[in-house]
Amino acid sequence: MPENIDVTGARRDQPRRGQEHFVAPVDEGGLGAVDAVSTTQAPKSLWGDAWAHMRGNVLFWVAGAVIALVVVVAVAPGLFTSIGPRACDLSQSLSGPAAGHPFGFDFQGCDIYSRTVYGARASVVVGVLATAMVVVIGTIVGAIAGYFGGWFDTLLSRLTDIFFAVPLVLAAIVIMSLMSTRTSFTVALVLSLFGWPQIARITRGTVMSVKNNEFVTAARSLGMGRVGILLRHVLPNSTAPIIVYATVALGTFIVAEATLSYLGIGLPPSIVSWGGDISKAQNSIRVAPEILFYPAGGLALTVLGFIMMGDVVRDALDPKARKR
Amino acid sequence: MKIRRYAGVTTFIVAGALALTACSGGSSGSNDEPSDAAGEATTGIVSVNGTEPQNPLTPGMTNEVGGGLAVKNIFSGLVYYDSEGASHNEMAESIESEDNQHWTITIQDGWTFSDGTPVTAESYVKAWKYTALLSNGQNQQYFFHDFAGWSDTEDSEIAVEAVDEHTFTVELIAPSADFQLWLGYSAFMPMPDVFFENPDIYSDAPVGNGPYVVDSWEHENVISLRPNPDYKGPRTPKNGGIDIVIYTDENTAYNDLLSDNLDIITNVPSSAFATFEDDLGDRAINQPAAVVQVVQVPEWREEFQGEAGKLRRQAISQAIDREQVTETVFGGTRTPATDFTSPVIDGYSDDIPGAEVLQFDAEEAKRLWDEAEAMDPLGADYTLEIASNADSDHQTWVDAVCNQVRNALDIGCEFYPYPTFDEFLNARDDASVPGIFRGGWQADWPSMSNFLGPVYGTGAGSNDAQYSNPAFDEKLKEAGQAATPDEATALYKEAQQILFEDLPGIPLWYNNATAGYAETVGNVEFGWDSDPILYEVTKSE
């Protein structure tokens with residue numbers, strides 16, 4: 001049976017008997033006012049729209065507050081505690097909370113509250129640095145591959161595939177164990193070295209779809225150079241998915257740093273980090289399991305903040321994926 | 001002997017595998033008759049935990065705990081050690097020398113091996129030459145390293161010669177007043193002719209001359225030792241025999257001990273460290289062993305050279321609260337060090353002049369450091385590195401020590417990890433370690449010289465800090481030529497005074513032996529080598 005035959009057996013694309021029009025003429029339907037261009041309202045942009053959407057989302061404010069707190073703690077830990085994270089007194093080993101020491105002491109007799117506060121910096125610095133580097137590398141590679149196409153694309157895409165095939169943490173473990181000096185910067189560098197392929201792929205896809213838009217054709221027909229079009233028109237219209245991915249990636253880089261520090265090949269012990277503290281707390285897990293909770297809690301809260309923020313931003317920037 | 005040794009390499013102990021009582025020391029002279037131990041002879045069979053011996057039960061091959069316990073009870077050497085680490089003649093009639101370098105040894109008449117053949121001077125000479133010959137591949141080859149003619153690179157015969165049936169001579173590379181202290185070690189046992197004809201019997205029914213004979217050996221299960229009726233030495237068994245029960249899991253052994261199915265445990269499993277002293281009460285053994293842990297101070301670092309360097313070494317030493325670290329980090333299974341040797345060594349004392357530098361005193365430490373800074377400033381952002389291998393758990397105590405150093409001296413202090421023990425040893429050998437580093441020494445035999453010469457003598461094999469002080473070398477030489485072991489001990493103490501001034505190594509603590517026994521047995525003592533002295537143990541049936 002032909003698909004476009006309805007129950008009455010009549011073909012839908014044919015007017016029914018006695019029917020003259022499918023749609024009312026424009027001037028009769030009253031839709032003219034709706035379709036008319038408003039000349040008094042400010043034009044809506046993707047960003048304005050997204051902001052309006054985010055403002056109304058409770059998750060945005062929660063995630064924003066968490067991130068703001070973590071950043072303030074990372075920038076100025078001295079505001080929150082006057083005790084140094086490395087002022088340890090072995091005789092206090094595993095003592096419980098006391099006045100001025102709300103979380104108690106770890107095995108080495110260090111103040112856990114102070115260590116948790118100071119641990120934020122390492123995580124935030126590594127997360128932000130790694131994300132920044134990944135965005136720079138990934139965007140450059142993805143944009144060139146997507147925009148210029150041809151053998152650029154073939155070459156860069158295969159390169160991306162090769163790096164993509166290497167698991168991030170595994171590669172970082174191998175490289176970090178070869179490093180003689182380890183700082184926040186080297187950890188971030190190693191993580192970004194193997195973290196950029198995802199963002200390169202996303203950028204490439206977005207650039208490819210954006211470059212076929214009419215405004216690109218228009219710019220080209222007006223005689224604009226290819227690089228100029230890429231920088232002025234294509235990239236600015238491709239940033240939304242990059243921002244979404246970067247926000248989520250920041251959380252995962254913090255986790256990766258903690259993993260490396262936990263394994264003892266991330267940040268050196270002279271830099272207080274949550275991963276390192278989790279590793280140390282593990283040794284006394286049978287006698288004092290609560291010690292593990294504080295650095296792990298700090299880590300979980302921070303990562304949760306960034307991942308939630310990523311979620312909210314994705315919802316706002318990508319109306320198609322918006323939850324209803 | 002628990003650890004495989006490499007010639008010329010400081011031995012490190014990882015496990016708390018050593019057991020020992022007798023922490024007082026310096027009491028008896030080395031050739032006194034042993035005080036008559038309490039307890040009448042009994043007939044019960046004493047069971048003790050063990051592991052399956054790695055090798056046939058021969059003195060030349062056995063260098064691990066599993067076989068060691070059996071070997072030391074089925075063989076008798078020239079001397080034996082009492083629980084205080086002092087040596088007493090067993091088979092020896094006399095051990096004499098004019099110059100402490102050329103020794104003449106006379107053995108007692110009438111001793112036989114358990115196959116009936118007599119023990120003669122030749123039994124010693126052949127056995128020692130066999131073990132010391134490189135190509136025979138004997139695990140104990142290293143222990144003849146002070147004998148003239150010994151080599152670990154080519155086959156060469158050591159200078160041991162039989163004079164007559166009961167006399168033989170030994171030539172050493174240098175005078176050693178404490179030579180007789182070595183001779184109780186199992187590498188120096190005699191071997192019967194049957195060993196050279198048919199060594200295979202040592203995998204099954206070893207022939208020895210000790211207080212016990214192997215009655216039966218069920219592999220992977222139990223080695224049954226029964227008193228040797230022909231034994232005529234001083235180590236007369238006070239029990240009806242020994243069963244060395246093979247366990248593959250120390251926890252099982254410990255549970256058996258608690259339920260009286262096992263009489264003696266030589267090594268408490270780490271899972272029971274926290275509880276075993278409560279479980280066993282006064283039947284728990286937790287006392288220093290013949291292992292001392294130090295941090296060595298490299299001579300090649302400028303900050304530790306000269307007068308300022310000496311002050312810095314003292315400052316670091318006094319900044320460390322050993323009591324606190326051994327108690328908290330090691331749960332009491334280490335004992336704070338008070339000298340460069342060990343409390344189980346005959347002649348040990350904790351009041352050698354200069355030893356107060358091992359006492360924790362943060363203010364004095366800071367004062368010493370500041371004094372050094374005034375002479376030769378390093379600046380406030382100086383960071384002291386403490387290096388160690390990271391493949392076993394050293395970070396915890398290094399962190400603890402670093403925290404104390406940071407707090408006391410107001411300088412930086414960091415753990416400097418080497419991923420593996422091998423890399424750490426290599427870095428020590430080629431003097432590339434960027435700071436002070438962990439070192440440890442386990443004695444080959446209970447003599448003070450063994451703790452000093454190989455580690456701090458100029459150019460010695462394990463002198464990784466490259467310490468060199470002619471006055472110290474001279475003192476060691478003098479002690480080696482001393483007329484009696486007692487005189488030698490006095491000189492070794494003077495040598496230690498020099499070490500306390502120079503601090504080429506900063507003694508930290510002694511490893512403890514952790515062991516225990518059940519209510520079923522009595523008179524249990526542990527020797528200097530952390531093994532129970534089994535012939536003295538009493539058990540009624």
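# Two chains, one predicted model

Trainee: What radius of gyration does chain B have, and what would a compact globule have?
Mentor: Chain B has 23 Å, which agrees with the value near 24 Å that a compact globule of 541 residues would have. The radius is taken over C-alpha atoms, and the globule rule is 2.2 Å times the number of residues to the power 0.38.

Trainee: Before I go on, what are the ground rules?
Mentor: This is a predicted model: local features need pLDDT of at least 70 and side-chain atom pairs count only at pLDDT 80 or more, while totals for chains, interfaces and linings use all residues. Residues are numbered from 1 along each chain as its sequence is written, and chains are lettered from A and ligands numbered from 1 in the order in which they are written.

Trainee: OK. What does chain B span along its principal axes?
Mentor: The C-alpha trace of chain B covers about 75 × 55 × 40 Å.

Trainee: And how many helices and strands does chain B have?
Mentor: Chain B has 14 helices and 17 strands. Both are DSSP runs numbered from the N terminus, helices being H or I with at least four residues and strands E with at least two.

Trainee: How much of chain B is buried?
Mentor: Of its 541 residues, 53% count as buried. Buried needs 20 or more other C-beta atoms within 10 Å of the residue's own, exposed means 12 or fewer, and partly exposed is in between, with C-beta atoms placed from the backbone.

Trainee: What is the phi of B:Asp260?
Mentor: Phi of B:Asp260 is near 65°, a positive value in a residue other than glycine. Most residues other than glycine have a negative phi.

Trainee: Where does B:Asp260 lie, and is B:Asp260 buried or exposed?
Mentor: B:Asp260 is in the loop from helix 5 (250–258) to strand 11 (264–265) of chain B. B:Asp260 counts as exposed because there are 11 C-beta neighbours inside 10 Å.

Trainee: What about B:Asp410, what is its phi?
Mentor: Phi there is near 60°, a positive value as well, and B:Asp410 is not glycine either. B:Asp410 sits in the loop between helix 10 (395–409) and strand 15 (412–418) of chain B. With 12 other C-beta atoms within 10 Å, B:Asp410 is exposed.

Trainee: Switching to chain A. What is the secondary structure?
Mentor: Chain A has 13 helices and zero strands. Buried residues make up 38% of its 324 residues.

Trainee: How do helix 3 and helix 13 of chain A pack?
Mentor: Helix 3 (residues 46–55) and helix 13 (residues 290–317) of chain A pack at about 130°, with axes 8 Å apart. Axes are lines fitted to C-alpha atoms, for helices over the stretch in contact, and angles run from 0 to 180 degrees between N-to-C directions. The two helices of chain A are therefore oblique to each other. Under 35 degrees would be roughly parallel, over 145 roughly antiparallel and 65 to 115 roughly perpendicular; the rest is oblique.

Trainee: Which residues of helix 3 and helix 13 of chain A make the contact?
Mentor: A:Leu46, A:Ala50, A:His53 and A:Met54 of helix 3 meet A:Val312, A:Ala316 and A:Leu317 of helix 13. Contact means C-beta atoms, placed from the backbone, within 7 Å.

Trainee: Last one: how many residues of chain A and chain B are in contact?
Mentor: 11 residues of chain A are in contact with 14 residues of chain B. The chain A side has four nonpolar, six polar and one charged. Ala, Val, Leu, Ile, Met, Phe, Trp, Tyr, Cys and Pro count as nonpolar, Asp, Glu, Lys and Arg as charged, and the others, Gly among them, as polar.

How values were computed
Contact = placed C-beta atoms within 7 Å.
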